[in-house]
Amino acid sequence: MKNTVLSFKKAKEDGKKLSMLTAYDYSMAKIIDSCGINGILVGDSLGMVIKGDEDTLSVTVEDIIYHTKAVKKGAKNALIVGDMPFLSYHVSIEDAVRNAGRIIKEGGAHAVKLEGGATVVNQVKAIVDAQIPVMGHLGLTPQSINAFGGFKVQGKTEEAARKLIEDAKLLEKAGAFSIVLEGVPAAIAKLITEAVSIPTIGIGAGVDCDGQILVYQDMLGMFDDFVPKFVKQYANTGKIMRDAITEYIDEVENCSFPEQKHTFKIDEDELKKLY
């Protein structure tokens, strides 16, 4: 079934949980999509898991467009959301609309995601007014890592929690179709989920969110620089890959690969003509 912003809204109304994963290339998007995932985020997390940077801040609009185009070719049913990277919507409303439009028009995304609450509601409204669906993002917003002083859980005081709830309501009012809640105490995420009529997608925010999202390299055990507390590793794919690559290297060195079945033949009469 084709997933859309309307099917996301209906899922919340029907009490059906939504599943999302990140993807950044054709091959992985095709695999994830074939499993029946509801949504794929082409996240600025690519700065860390693809580019090898220490944070997401160096990711550009061009990076997101490039990877979204690849994902779009592989995913036929998932809702594809393109992340709006750092400084692509902060400077002006015009920049925000223009960059969101590029991610949709050039990248092929169905929606965009941007971080922040009250400070970005004008951008959210303008992008929505331009007929571009927007997914919000509250809590531990990685683009604010320097302001937060690191990757820290948000909403742990009454004041901070009340602000998150208010920000969620403001994003809904501005026209966002859903909100990612990252690194938020489960009890606060539950209150936010109950306070808005649009789906909440949790990542380190507890089971009461309307859906969940993970970085696929995390949940498959491929990215081991660090493993966040909220990640469940469903497979140790990194070990499987390392074992396979090590075996390949060994077989190349001892000439057990390629075998005869992996090679092509030439007619013996044609071969003799070369001698």
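Residues are numbered from 1 along each chain as its sequence is written. Because the model is predicted, local features need pLDDT of at least 70 and side-chain atom pairs count only at pLDDT 80 or more, while totals for chains, interfaces and linings use all residues; side-chain values use heavy atoms, without hydrogens and water.

The structure holds 3 aromatic pairs. Rings of Phe, Tyr and Trp (its six-membered ring) pair if their centres lie within 6.5 Å; planes under 30 degrees apart count as stacked, over 60 as edge-to-face and the rest as tilted. Two of the pairs are listed below.

| Pair | Centre to centre | Angle between planes | Type |
|---|---|---|---|
| Phe8 and Phe177 | 6.1 Å | 70° | edge-to-face |
| Tyr24 and Tyr216 | 6.1 Å | 40° | tilted |

Phe8 belongs to helix 1 (residues 5-14) and Phe177 to the loop between helix 8 (158-174) and strand 6 (178-182), so their pair ties together parts 169 residues apart in sequence. Helices (H or I, at least four residues) and strands (E, at least two) are DSSP runs, numbered from the N terminus. Tyr24, in the loop between strand 1 (18-22) and helix 2 (26-34), pairs with Tyr216 of helix 10 (residues 216-219), so parts 192 residues apart in sequence are tied together.

Buried means under 20% relative accessible area, exposed over 50%, partly exposed in between (1.4 Å probe, protein chains only). Phe8 is buried at 0% relative accessibility, and Phe177 is buried at 10%. Tyr24 is buried at 2%, as is Tyr216 at 5%.

Thr200 lies in strand 7 (residues 200-203) and is buried at 0% relative accessibility.
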